[in-house]
Amino acid sequence: MNTPEIPNPAHAALDEQHRRVTEMIHCYVESVGLTREQTYNPELKNWRWQTGSASIEVLIEKLNFSNGSRRDYLRIFSPLMNTPATNLLRFYRHLLELNDAKLGVKLTIMPSNQIVYATYERDIKGMDYSELSTCIADLESWADRLDDELKAQFPDLSN
């Protein structure tokens, strides 16, 4: 059983910004024709939906520091493909080159798996709806394009 979060008075402004960004994400989802109920998982506190061939996930990650401070980050990501079984050096070099060329998105591999993700992160401090919607729409567009391009360029030859 999860214990409820106890509000920290020192984080009142962060909590309010978190609430506003949460509402902005709900508004974005509705602006693209989806509903809160379709996309939001209250247990995981994340949103998920499909854009073309790309699966999109959005969440606000809280980072607590030992000194009692906290930073909240908007994280938007999409799995693009598994790392290929062959041509890894060429593959990783290509990912680094894409990181240089594709503004606002970075290509990542999480330590726990071999999946390449298109990822966008930003501290939510000062974020408004215009910026949030641009960030999500950009990630959606890049993910929908890059998943197909990478899979075509580096087919899974392990089968």
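Guide: A salt bridge is a side-chain nitrogen of Lys or Arg within 4 Å of a carboxyl oxygen of Asp or Glu. This is a predicted model, where local features need pLDDT of at least 70 and side-chain atom pairs count only at pLDDT 80 or more, while totals for chains, interfaces and linings use all residues. Residues are numbered from 1 along each chain as its sequence is written, and side-chain values use heavy atoms, leaving out hydrogens and water.

Visitor: What makes Arg 70 and Asp 15 a salt bridge?

Guide: Their side chains meet at 2.9 Å, N to O, and the cut-off is within 4 Å, so the pair counts. Arg 70 sits in strand β4 and Asp 15 in helix α1 (residues 12-31), 55 residues apart. Helices (H or I, at least four residues) and strands (E, at least two) are DSSP runs, numbered from the N terminus.

Visitor: Why is Arg 70 called buried?

Guide: Buried means under 20% relative accessible area, exposed over 50%, and partly exposed in between (1.4 Å probe, protein chains only). Arg 70 has 9%, so buried is the word.

Visitor: Why is Arg 93 called exposed?

Guide: Arg 93 has 57% relative accessibility, so it counts as exposed, whereas Glu 97, at 40%, counts as partly exposed.
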